[in-house]
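This briefing goes through a single chain, with the sequence and the structure shown just below. The points are grouped by topic and are meant to be read alongside the coordinates.

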Amino acid sequence: MTTTTGSPHNAPLPLLVLGHGRDLATERGVECPGDLPAPSDPELVERARAAKDALGERVFVLGHHYQRDEVIQFADVTGDSFKLAKEAAARPEAEFVVFCGVHFMAESADILTADHQRVVLPDLAAGCSMADMAAFDQVEDCWDQLVEAGVADLTVPVTYMNSSAAIKAFTGRHGGTVCTSSNARTALTWALDRKGDGGKVLFLPDQHLGRNTYVRDLGGSLDDCVVWDPHKPMGGLTVEQLRDATMILWRGHCSVHGRFTVEAVEAARREVPDVKIIVHPECTHEVVELADEVGSTERIIATIAAAPPGTAWAVGTELNLVQRLAEQFPEQRIIFLEKNVCYCSTMNRIDLPHLVWALEALVDGRVVNEITVEPETARWARAALDQMLALPGETGKD
């Protein structure tokens with residue numbers, strides 16, 4: 001199966017239904033199933049190992065930090081999305097890139113890798129609810145309304161890496177850039193400087209990363225931020241609000257990081273002596289303001305790795321990673337910030353049965369679940385990614 005993505009005529013996959021439900025009126029997003037999936041049949045471990053050995057250097061397996069341990073053990077490289085896509089591009093000898101992550105990550109890998117390399121996503125249902133919250137047609141409609149309001153000429157789009165190829169291409173066509181959670185400050189500074197006084201940013205699709213970066217890192221005011229709701233006419237805003245705003249934040253969020261609450265932070269401080277709270281900047285502004293440390297997944301890992309023995313950490317990010325950190329650093333006390341346990345339900349679609357199926361198909365000469373981005377979409381998305389790579393500072397981590 002080959003899945004071509006990026007055309008505005010392709011309806012987005014209804015990935016939000018993979019949770020137990022959704023509530024667009026709240027920050028809670030996809031409901032949390034509560035329990036991690038059961039481990040797969042251990043006999044599959046030998047099959048995965050045999051298939052990977054048979055393929056040798058022809059295959060390069062990428063594993064995102066949020067993947068299950070049973071999948072991560074077969075990854076040649078682990079990391080965040082953009083780092084993994086760049087790693088794949090740096091391995092031209094690998095004919096097949098098996099991306100154990102989610103759909104937008106596989107798209108980025110296809111955009112950045114050579115034409116002879118073929119990108120495989122073991123389960124096409126592995127998507128991202130945040131990325132799906134900014135559909136191409138919705139964003140195009142938003143831009144048309146910004147034109148009507150007379151503010152489009154002052155606005156630079158910046159999209160988070162966690163977005164579809166179509167949204168990255170939209171950003172590239174309109175002179176914007178992509179950002180990761182590591183370089184969001186640099187990207188916003190660049191975008192705001194482009195238009196001078198009165199310049200604005202349309203930040204897609206995660207409102208929290210945009211707000212936290214602008215207020216915490218750039219010293220901006222919450223009063224300068226408005227939220228564009230794609231389900232309301234004119235985004236639920238007035239022309240005056242759009243003209244006065246500096247940050248036009250898309251109403252999207254991570255369905256995992258959006259679950260962390262002020263109450264959970266307060267409970268951790270009550271119950272764990274001398275605990276340090278560390279959270280991802282996709283968390284709400286209220287939670288981020290109460291945390292001791294805020295940073296990307298890679299920064300969370302590095303911070304805990306560098307902490308002295310006996311340190312207590314309550315970590316606000318995806319459960320698989322938190323559990324892995326607790327196992328890697330037993331001399332520290334590492335707990336999940338929310339008692340209502342939640343993992344990324346779409347990220348966890350990549351399990352050992354799907355990985356074995358994809359690898360064994362390659363051994364048999366069949367490429368399944370290939371991800372290809374339509375050439376025009378890939379061209380403009382690459383322009384936005386190249387603009388990010390041209391920014392000063394760190395660009396390779398989420």
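In this predicted model, helix H9 is mostly covered, with nine of its 11 residues counted as buried. Those buried residues are Gln207, His208, Leu209, Gly210, Arg211, Asn212, Thr213, Tyr214 and Val215.

**Helix H9 and its ends**

- The N-terminal end of H9 is capped by Asp206, which places a side-chain oxygen 3.2 Å from the backbone nitrogen of His208.
- Just after H9, Gly219 adopts a positive phi of about 75 degrees.

- Thr213, which is placed in helix H9 (residues 207–217), counts as buried because its relative accessible area is 3%, below the 20% cut-off.
- A polar atom of the Thr213 side chain lies 2.7 Å from the backbone oxygen of Leu209.
- When neighbours within four places in sequence are left aside, Thr213 is in contact with Ala184, Arg185, Leu188 and Leu218.
- Ala184 is part of helix H8 (residues 184–195) and is likewise buried, since its relative accessible area is 1%.
- Not counting residues up to four places away in sequence, Ala184 touches Cys179, Leu209 and Thr213; between Ala184 and Leu209 the C-alpha to C-alpha distance is 8.0 Å, with 25 residues of separation in sequence.

**Nonpolar cores**

- The largest nonpolar core holds 112 residues, among which Val98, Phe203, Ile277, Val279, Ile304 and Leu337 touch the most other members.
- Helix H15 (residues 352–363) gives the most to this core, contributing seven residues.
- For Val279, leaving aside neighbours within four places in sequence, the residues in contact are Val287, Val288, Ala291, Glu293, Val294, Gly295, Ile300, Gly316 and Leu337.

**Helices H1 and H15**

- Two packed helices are described by the angle between their axes and the distance between the axes.
- For helix H1 (residues 43–55) and H15, the axes come within 9 Å and cross at roughly 30 degrees, and the crossing is left-handed.
- On the H1 side the contact is made by Leu44, Val45, Arg47, Ala48, Ala51, Ala54 and Leu55, which meet Leu352, Pro353, Val356, Leu359, Glu360, Leu362 and Val363 of H15.
- By type, the residues of the contact between H1 and H15 comprise 12 nonpolar, no polar and two charged.

**A buried glutamine in a loop**

- Gln332 is located in the loop between helix H14 (319–328) and strand S14 (333–336), and it counts as buried because its relative accessibility is 6%.
- The side chain of Gln332 has a polar atom 3.5 Å from the backbone oxygen of Ala307.
- Apart from neighbours within four places in sequence, Gln332 is in contact with Ile304, Ala307, Pro308, Gly310, Thr311 and Trp313.

- Met234, a residue other than glycine, has a positive phi near 50 degrees and sits in the loop between strand S9 (225–228) and helix H10 (239–244).
- Asp274 also has a positive phi, of about 55 degrees, although it is not a glycine, and it is found in the loop between helix H11 (262–271) and strand S11 (276–279).
- Asp274 counts as exposed because its relative accessibility is 72%, above the 50% cut-off.

**Helix H4 and the chain overall**

- Helix H4 (residues 103–112) is mostly covered, with 10 of its 10 residues buried; among them are His103, Glu107, Ser108 and Asp110.
- The chain has 16 helices and 15 strands, and buried residues account for 59% of its 398 residues.
- Of the contacts in the chain between residues at least 6 apart in sequence, 70% join residues at least 24 apart.

Methods:
Residues numbered from 1 in each chain as written. Predicted model: local features only at pLDDT ≥ 70, side-chain atom pairs only at ≥ 80, totals over all residues. Heavy atoms only, no water. Core = buried A, V, L, I, M, F, W, Y, C linked by side-chain atoms within 4.5 Å. Buried < 20%, exposed > 50% of the residue type's maximum accessible area, 1.4 Å probe, protein only. Helix = DSSP H or I, 4+ residues; strand = E, 2+ residues; numbered from the N terminus. Contact = heavy atoms within 4.5 Å. Axes fitted to C-alpha atoms, helices over the stretch in contact; angles between N-to-C directions. Left-handed = near helix turned anticlockwise from the far one by under 90°. Nonpolar A, V, L, I, M, F, W, Y, C, P; charged D, E, K, R; others polar. Polar contact = N/O pair within 3.5 Å; in protein donor to acceptor, adjacent residues only side chain to side chain.
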